[in-house]
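Reader: I would like the terms used for this structure checked against their cut-offs. Please show the model, and then I will ask.

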4 protein chains.
Amino acid sequence: MTSKRHFVIDTDPGTDDARAILIALSCPDVEVKALTTVVGNTSALQAARNGLRILQVAGRLDIPVYVGCTKALLGGVLDSITIYNGTDGLGDVPDPNAPNDSAIQPEHAVTALLRLSKEFNGNLSLVAIGPLTNLAMAIRLDPDFGTRLKECFIMGGNYRGVGNITASSEFNFYHDPEAAYVVLNQLNCPITIVPWETCLAHSLPWDIYYKIRSVGTPKAEFLKSVEACFLRNNLPSGRKDFMLADEFVMAIAIDRNVVKNSSTVYATVEVKGHQTCGQMVVDWNGIMGKRSNVTIVTSIDDALFRKMLLSSVDCKDETLL
Amino acid sequence: MTSKRHFVIDTDPGTDDARAILIALSCPDVEVKALTTVVGNTSALQAARNGLRILQVAGRLDIPVYVGCTKALLGGVLDSITIYNGTDGLGDVPDPNAPNDSAIQPEHAVTALLRLSKEFNGNLSLVAIGPLTNLAMAIRLDPDFGTRLKECFIMGGNYRGVGNITASSEFNFYHDPEAAYVVLNQLNCPITIVPWETCLAHSLPWDIYYKIRSVGTPKAEFLKSVEACFLRNNLPSGRKDFMLADEFVMAIAIDRNVVKNSSTVYATVEVKGHQTCGQMVVDWNGIMGKRSNVTIVTSIDDALFRKMLLSSVDCKDETLL
Amino acid sequence: MTSKRHFVIDTDPGTDDARAILIALSCPDVEVKALTTVVGNTSALQAARNGLRILQVAGRLDIPVYVGCTKALLGGVLDSITIYNGTDGLGDVPDPNAPNDSAIQPEHAVTALLRLSKEFNGNLSLVAIGPLTNLAMAIRLDPDFGTRLKECFIMGGNYRGVGNITASSEFNFYHDPEAAYVVLNQLNCPITIVPWETCLAHSLPWDIYYKIRSVGTPKAEFLKSVEACFLRNNLPSGRKDFMLADEFVMAIAIDRNVVKNSSTVYATVEVKGHQTCGQMVVDWNGIMGKRSNVTIVTSIDDALFRKMLLSSVDCKDETLL
Amino acid sequence: MTSKRHFVIDTDPGTDDARAILIALSCPDVEVKALTTVVGNTSALQAARNGLRILQVAGRLDIPVYVGCTKALLGGVLDSITIYNGTDGLGDVPDPNAPNDSAIQPEHAVTALLRLSKEFNGNLSLVAIGPLTNLAMAIRLDPDFGTRLKECFIMGGNYRGVGNITASSEFNFYHDPEAAYVVLNQLNCPITIVPWETCLAHSLPWDIYYKIRSVGTPKAEFLKSVEACFLRNNLPSGRKDFMLADEFVMAIAIDRNVVKNSSTVYATVEVKGHQTCGQMVVDWNGIMGKRSNVTIVTSIDDALFRKMLLSSVDCKDETLL
Ligand SMILES: [Ca+2]
Ligand SMILES: [Ca+2]
Ligand SMILES: [Ca+2]
Ligand SMILES: [Ca+2]
């Protein structure tokens, strides 16, 4: 019998985090050991509350949720952003039946990450779908943190200088460029990155989006409800597709076959630039003479990915895709 | 009768500059009014000597050559590079019959640029195929310089963060990032850029290269001679193609049909970054709220371009391509 | 009965740290609750070993020593420096009777700092005489850390741009500029800084130094032994005085009367500059519009300070001064 | 017979420039060969108009005035500032009898500087009392520019990190940090700098100021008139003295005895810092291993200076001081 894979999800939900977490929870081979939260789409505390609501929809309140860093490593230039997912990060549709704060673990997310890395030494996959502050803190507290991880999956950064929060920077990396710098350079475990350009290239056609949301399951209804704000905010700009992000890296963490193309290279993060602060810097030709430290996913298998997306809302009717 | 177009070529030859200049000289519709030189592949003075040799091969020593800036705007972090085209920038195969220095104009290149912009007010196309120091100096001396140009074509920068001299920066921009910043932001005339990634994507297959070099004309023999150093330096690394750069932008300056794809956007240059100094920064989605200032050529018509390359060495046998 | 004051000393001994710690231990009103160590003059682990040796000389092995961060917040550009105090930070004169590593506490220094701040809520004085990495980590793990401190004393930075490790930067701040930035801006407790220029202005005349070292007490003998390396390294350069640093801020932490002049201002730390990375930036005239966050000590009472220095080696003969 | 000394004054008048120019014009040993203007206190063109008015008051319209750079080397982050000397830089009290623009030379200031450096090769003293853009441009156009100067005097920068326009930067250097960087590092002639802290330390007591302005000469009346705006703007803030700046360096250029203390050191300018951009960086202890390039004046002879100030308004009654 194959034992399950152990995941920890470091997250700042965010509706894309919500979808990513539901993908993980729908995968029978994966056991999510914890959610650890970080400031990003919303505050670290609100992120934990959001995490609990997502777990509740999936009937998995047994999974512990830990609150992590409330600010970026240097304090941060950004407040949490509200233009996508509202003030609370989940579309500002509070649930009166949401778990209360006593359901949040008292342990700090960074301490929890360190402890779990020891408990599941060599068998823990870390999926990081928010700013990388908690991970950088864990590294700095314990330089061996990464060596105890099996692997790390990150949604963040960019590989062609295309930004979403500044012209050159992707939100997760820009929110804490120094943390991203520390993680890429000092985590010392296999790192797989889904950068922003890959998300842009694999956005979901609206017709598929609407079909997936019409299946009537509680998870689909929950997502439809929390995504309404995002749709209101983003439809007027006439995007031809529904943008996804964290979902891709979760799907890849579960099944490497979702990766269609990738490059294993040395990459780091600009922390000093005026225009480019937070941009990922990729040394495609080995000019820096550094060992490869990341695998950058440049394209994904849409069909396989979309099946996982469908499955994550408890629907198996693949004719919808 | 259509009057000829007037070109000034700002250059640091460089074997790719040599090929680009020969392309311009082979075009019956174009009148090259001057070469202005700048430190880059070699010193500004040596660049002028190289310019004279190139003109001599084409029997065009009537075209004046002006020496420009001997250092980058801030003094520069790079000396001229010798790893591609040797110490003298033209493969270190000096010609005993080369014109002597008295053939170089006494006027400074920057002054010459300003004067020519007035003489051919509105009818001068500037093709910049070296670091942009002279152009930035002309702008600073006379803010109206660019408004008197018809257009400016630049080989330099990158649009996906792919570098050749650092991991993130292309040589011409990295050699003088501040000048590139000034030119992109303050030239105030239509600017067309051929960035490094486009050069990478349209390199010349070796078989075509060798055919073009076997045609036996004096120009082909000259280029073969000065390119030998580059081939020695670069073949061992096993490149599957012959890399071109300045030639593309010259071909485009002559015939816009060489452009297959392009984007008109706002772009600037990072001058402060630690990893990214000299990188071009492209605001694909208008996040900075600036007006478009450049047209970035992202792909070219290989067939049309290669015909021009062949023609530039006085060969019309298109079956070679 | 007045209760004792509680100190925690965050340190990277260092011979000046050794003298500073002995000053604290010689003060009857002060109870040193812990040493926490950080990479700087030597590794964090070796710093803990050095701390134990210093405590042993003072017969105070009851004071717990915690190992802290092994690298600066971003990983650091400096290795620990050996030009002053040798490889081990204490002059490379190992003591065969030194305590062994089992005497070091298993708890991490950052966790210990957080715990102690709770145990002695409002009654803990933190004296930081190394790079500020541990403090920045404590702040990021718990934003309320500083509000539970009574006060913080820091040796580090500069107020007139005079550096010792670079032209513009003092060692402790340069070793971890980002941590210094976080501490000054986000600690949220009264901060007193002794900057490098103040140390320079109050160095110890050699004759007094030699008199204090000739008193024959075990502490004086210990210091003489560990300082020999520093003297060898620094005498040839002909300094007219013996340089002190950490001692000043410890004396001030014990007795505010040691401060002769000070300014309470807003100060921050440059983390991006090319020449000035790690420099303290003082807004003397309130141009930034920020609230004062530090008191910078600009001159000290030499006589009072030197009495404490003498007393710290168990000598009361003030005629030596 | 001793021949006169030849001065060129590069300036952005500014009431302190006005006083400085009048000091130069009142010195019988000095022949002012030209004013060259630069954007700073006002536009380069308005600065030339102001220069003409100042020359007119002194009956010296024979001295040519050249307009220089209209923007800083990179384009600049500052517009000209109006909070001190109003919109026109001379207190917004236009003179209907001011010379008209035809009195301005057609030659560009940078070209004029280069030409004059050749005409008076080795015998030209350059006094720079505005942003250093013109000087940097002259250096970049002709690397030998400075070697033909006898010496250069600069009001600008700071030596203890005290700023007036930002917390860390003095106005002239901050207005064009890159130009200041180029001039300090690449002018290659003896450079004497009066930094901001020295100006602060030698400001003029109000009683002396008012006495000097009450002497009734045309020059005093002119200055009183143009200074009124400055007084209105600055008196409410309760400064206890009248601030001077450009006057000091002019006095020193005329008579070295005005210097009481100075240090000859290597100094450069931070061009990348976030907080410190434009700050002068002084390597007091030779850590950078560079040759000394500037003499920084740290204190001046008030009595001697004030005599020159009095004399500059055609008054010899030294009992006023
Ligand atoms: Ca997220
Ligand atoms: Ca070139
Ligand atoms: Ca220390
Ligand atoms: Ca001025």
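Reader: What rotation and shift superpose chain C on chain A?

Author: A rotation of 180 degrees does it, with 0.0 Å of shift along its axis and an RMSD of 0.0 Å. Copies are superposed by least squares on the C-alpha atoms of residues with pLDDT of at least 70 in both. In chain C, the C-alpha nearest this axis belongs to Lys272(C), 2.8 Å from it. The model is predicted: local features need pLDDT of at least 70, side-chain atom pairs count only at pLDDT 80 or more, and totals for chains, interfaces and linings use all residues. Side-chain values use heavy atoms, without hydrogens and water, residues are numbered from 1 along each chain as its sequence is written, and chains are lettered from A and ligands numbered from 1 in the order in which they are written.

Reader: How do you know that chains C and A meet through the same surface?

Author: 100% of the interface residues of chain C are also interface residues in chain A, so the copies meet through the same surface. Contact here means heavy atoms within 4.5 Å.

Reader: What makes the relation of chain A to chain B that of a two-fold axis?

Author: Chain A superposes on chain B by a rotation of 180 degrees, with 0.0 Å of shift along the axis and an RMSD of 0.0 Å. That is the relation of a two-fold axis. Gly273(A) has the C-alpha of chain A nearest the axis, 1.7 Å from it. Both copies use the same surface, as 100% of the contact residues of chain A recur in chain B.

Reader: Which protein atoms count as donors of the calcium ion (ligand 1)?

Author: Donors are N, O and S atoms within 2.8 Å of the metal, or 3.2 Å for Na, K and Ca; water is not among the atoms, so sites may look incomplete. Asp12(A) (OD), Asp17(A) (OD), Asp17(A) (OD), Ile129(A) (O) and Asp246(A) (OD) lie 2.1 to 2.5 Å from the ion. They therefore qualify under the calcium limit. Their spacing along the chain is D-x4-D-x111-I-x116-D.

Reader: Why is Asp12(A) called buried?

Author: Buried means under 20% relative accessible area, exposed over 50%, and partly exposed in between (1.4 Å probe, protein chains only). Asp12(A) has 1%, so it is buried. Asp17(A), at 0%, is buried too.

Reader: Why are H3(D) and H4(D) called oblique?

Author: Their axes come within 9 Å and cross at roughly 60 degrees. Axes are lines fitted to C-alpha atoms, for helices over the stretch in contact, with angles from 0 to 180 degrees between N-to-C directions. Under 35 degrees counts as roughly parallel, over 145 as roughly antiparallel, 65 to 115 as roughly perpendicular and the rest as oblique. H3(D) and H4(D) are therefore oblique.

Reader: What makes H4(A) oblique to H6(A)?

Author: They pack at about 55 degrees, with axes 8 Å apart. That angle makes H4(A) oblique to H6(A).

Key:
Helices (H or I, at least four residues) and strands (E, at least two) are DSSP runs, numbered from the N terminus.
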